[in-house]
Amino acid sequence: MATTASSTNGETLRTLIKQGAEALVYKTTYLLPTIPALLKFRPQKPYRHPTLDARLTKHRCLSEARLLIRARSFGIPVPAVYFVDETRGEIYMEWIGGCSVRDVLDGMLEREGGEQLVDRMMVRMGEVVGQLHAADIVHGDLTTSNVMVRSSRRKGLLGARDVQYEEVTEGEVMLIDLGLGSMSTAEEDKAVDLYVLERAFSSTHPKAERLFKDVLQAYERSYKGSKPVMRRLQDVRMRGRKRSMLG
């Protein structure tokens, strides 16, 4: 449940929208009240030694910010980074207006003509993941909760006072939350990304599970190095089935 709180000096309102094991996520503003932003804050962990905690927080903040910046430089749709304070464990980034694929997928399939919309969404999702892996970035937590469908986009310069938004007709697929991401050239790491996404479909979206093949086909088309990754995906699937059988 979202809660609203002001900062310690009373200047900026922050609305808590998600609380994870590692971080708190707020909707807030950046520089001007007209610029919505997402704040990802990694609080201190009292069970860790203060020096180790500070070192880990700094490393994880900088690592996530660098991955987002690298992804943007390759044209991959991820939130823009506005500001990083690694000492405080804070990353301010672009606010993405829309819903996660997890929240909208099943409802879209129930609509008239929804299967065609979902099919296009699956293709775009596969293309985006292919672009990510082509840049040697592994997401680390590639679920349908971490893929957004953007419904509107801010127009103009960041600091402009006359703020305008344009609607995105069919929704733009964007990747979020690279907090567990890393740089990797290993086929194994990229195959695990795909396997995690496949498992998310099978466990959360049984109606859309059969459409996951569209994701893989688009992935193969958009990523020239996909063949060894797809072969490794078969191995990862086999290991996953064995673990399921063993309990």
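1. Start with Arg 237. This residue is found in helix α6, which spans residues 226–246. Is Arg 237 buried or exposed? Arg 237 is buried, because its relative accessible area of 14% falls under the 20% cut-off. Leaving aside neighbours within four places in sequence, Arg 237 is in contact with Tyr 195, Glu 198 and Leu 216. Bear in mind throughout that this is a predicted model.

2. Now the overall picture. The protein has six helices and eleven strands. Of its 247 residues, 42% are buried. Consider contacts between residues at least 6 apart in sequence: 61% of them join residues at least 24 apart.

3. Val 192 is found in helix α4, residues 187–204. Val 192 counts as partly exposed, at 34% relative accessibility. Along the chain, Val 192 and Arg 232 are 40 residues apart. Their C-alpha atoms are separated by 8.7 Å.

4. Next, the strands β2 and β3. Strand β2 covers residues 13–19, and β3 covers residues 24–30. The two run antiparallel, and four bridges join them. How many residues does the hairpin from β2 to β3 pass through? The hairpin joins them through four residues. Gln 19 stands opposite Leu 24 in β3. As background, side chains in a regular strand alternate between the two faces of the sheet.

5. Turn to the aromatic rings. A pair of such rings is described by the distance of the centres and the angle of the planes. The count comes to five aromatic pairs. One of them is formed by Tyr 30 and Tyr 82, with 5.2 Å centre to centre and 20 degrees between the planes. Why is this pair called stacked? Its planes are 20 degrees apart, and planes under 30 degrees apart count as stacked, so the label follows.

6. Tyr 30 lies in strand β3, and Tyr 82 lies in strand β5, residues 81–85. The pair therefore ties together parts that are 52 residues apart in sequence. Tyr 30 is buried, with a relative accessible area of 15%.

7. Another pair is made by Phe 83 and Tyr 92. Their ring centres are 6.4 Å apart. Their planes stand at 50 degrees, so the pair is tilted. Phe 83 is partly exposed, at 40%. Tyr 30, Tyr 82, Phe 83 and Tyr 92 form one aromatic cluster.

8. The disulfide count comes to zero. Cys 61 is buried, at 0% relative accessibility. Cys 99 counts as partly exposed, at 38%.

9. Rolling a probe the size of a water molecule over the atoms shows where empty space is left. The largest pocket has a volume of about 840 Å³. Which residues are closest to its centre? They are Lys 18, Val 25, Asn 146, Ile 176 and Asp 177, out of 31 lining residues. Several elements give two or more residues to this lining: β2, β4 (32–41), α1 (50–73), β6 (90–94) and β7 (97–100).

Key:
Residues are numbered from 1 along each chain as its sequence is written. This is a predicted model: local features need pLDDT of at least 70, side-chain atom pairs count only at pLDDT 80 or more; totals for chains, interfaces and linings use all residues. Side-chain values use heavy atoms; hydrogens and water are left out. Buried means under 20% relative accessible area, exposed over 50%, partly exposed in between (1.4 Å probe, protein chains only). Contact means heavy atoms within 4.5 Å. A disulfide is a pair of cysteine sulfur atoms within 2.5 Å. Rings of Phe, Tyr and Trp (its six-membered ring) pair if their centres lie within 6.5 Å; planes under 30 degrees apart count as stacked, over 60 as edge-to-face and the rest as tilted. Two strands pair if DSSP finds at least two bridges between them. On a 1 Å grid over the protein atoms alone, a cavity is a set of points where a 1.4 Å probe fits but cannot get out, and a pocket is an open set with protein on both sides within 12 Å along at least five of seven lines; lining residues have an atom within 4 Å of a point. Grid points are joined across faces, edges and corners, and a volume is the space filled by probe spheres set on the points.
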